[in-house]
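Reader: I am new to this structure and would like to go through its helices and a few of its residues. Please show it to me before we start.

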Amino acid sequence: GIDELPIILQTSTFIGIFALLGVTASASIAAIDSFSKSILGLEKWRNAFVDTSLPIVLGAFYLFAGMGHFISRDAFCDIYPPIGTWGIWYLPGSAEFHVAWTGVVEVLGGGGLLFEGLRSSLG
């Protein structure tokens, strides 16, 4: 796996993957915007979906994912990368600490999205 490569290749691979994700996401957003504006009515539907239904779906997803950090804490700790992974992973704190704080953030963010989505859709 990637952990067996020299540190410089691990770091380059990690940064390259995230750069590619950023470029691909930007290109996808531009393509979707162009496509939805060229089809009559799709832009209005997409805007309504993004303002109402999407926050509800994403809010529920993040809320349940955040709760999963506490329900299946050991499983989340097992996938936390060890210090030094990819040549850039040097965050202080234990896996348990990082699993807990990211769980809290996901629950709060999911709850906020869910609340705002429900508020927007109910008027």
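Reader: What span should the 19 residues of α3 have, and how far apart are its end C-alpha atoms?
Author: The model is a predicted one. At 1.5 Å a residue, the 19 residues of α3 should span 27 Å. This agrees with the distance between the end C-alpha atoms of α3, which is 27 Å.

Reader: Which residues are buried in α3, and what covers them?
Author: A residue counts as buried when its relative accessible area is under 20%. In α3 this applies to P55, G59, G66, G68 and H69. The cover over the buried residues of α3 includes α2, α4 (73-78) and α5 (95-122).

Reader: At what angle do α2 and α3 pack, and what is that arrangement called?
Author: Helix α2 covers residues 42-51 and helix α3 covers residues 53-71. Their axes are 3 Å apart and the packing angle is about 40°. Angles under 35 degrees count as roughly parallel and those from 65 to 115 as roughly perpendicular. The two helices, α2 and α3, are therefore oblique to each other.

Reader: Which residues make the contact of α2 with α3, and how do they divide into nonpolar, polar and charged?
Author: From α2 come A48, F49, V50 and D51, and from α3 come S53, L54 and P55. The residues of this contact of α2 with α3 divide into five nonpolar, one polar and one charged.

Reader: What span should the 32 residues of α1 have, and how far apart are its end C-alpha atoms?
Author: At 1.5 Å a residue, the 32 residues of α1 should span 46 Å. The end C-alpha atoms of α1 agree with this, as they are 47 Å apart.

Reader: Which residues of α1 are buried, and what do they pack against?
Author: The buried residues in α1 are Q10, T11, F14 and S36. The helix that the buried residues of α1 pack against is α2.

Reader: At what angle do the axes of α1 and α2 cross, and how do the residues of that contact divide?
Author: The axes of α1 and α2 come within 6 Å and cross at roughly 125°. That makes α1 oblique to α2. On the α1 side the contact is made by I32, D33, F35, S36 and K37, and on the α2 side by L42, E43 and R46. The residues of the contact of α1 with α2 divide into three nonpolar, one polar and four charged.

Reader: Is Q10 buried or exposed, and which backbone oxygen does its side chain reach?
Author: Q10 has its place in helix α1 (residues 7-38), and with a relative accessible area of 4% Q10 is buried. Apart from neighbours within four places in sequence, Q10 is in contact with I2, D3, E4, L5, G84, T85, W86 and G87. The side chain of Q10 reaches, at 2.8 Å, the backbone oxygen of L5.

Reader: With which side chain does the side chain of H98 make a polar contact?
Author: H98 lies in helix α5 and is buried, with a relative accessible area of 8%. Not counting residues up to four places away in sequence, H98 touches Y80, L91, P92 and G93. Its polar contact, at 2.8 Å, joins the side chain of H98 to the side chain of W101.

Reader: What separates the C-alpha atoms of E96 and H69?
Author: E96 lies in helix α5 and is partly exposed, with a relative accessible area of 39%. Leaving aside neighbours within four places in sequence, E96 is in contact with R73 and C77. E96 and H69 are 27 residues apart along the chain, and their C-alpha atoms are separated by 9.6 Å.

Methods
Residues are numbered from 1 along each chain as its sequence is written. This is a predicted model: local features need pLDDT of at least 70, side-chain atom pairs count only at pLDDT 80 or more; totals for chains, interfaces and linings use all residues. Side-chain values use heavy atoms; hydrogens and water are left out. Axes are lines fitted to C-alpha atoms, for helices over the stretch in contact, and angles run from 0 to 180 degrees between N-to-C directions. Helices (H or I, at least four residues) and strands (E, at least two) are DSSP runs, numbered from the N terminus. Angles under 35 degrees count as roughly parallel, over 145 as roughly antiparallel, 65 to 115 as roughly perpendicular and the rest as oblique. Contact means heavy atoms within 4.5 Å. Ala, Val, Leu, Ile, Met, Phe, Trp, Tyr, Cys and Pro count as nonpolar, Asp, Glu, Lys and Arg as charged, and the others, Gly among them, as polar. Buried means under 20% relative accessible area, exposed over 50%, partly exposed in between (1.4 Å probe, protein chains only). A polar contact is a pair of N or O atoms within 3.5 Å; within protein, one must be able to donate a hydrogen and the other to accept it, and residues adjacent in sequence count only if both atoms are side-chain atoms. The expected span of a helix is 1.5 Å times one less than its number of residues.
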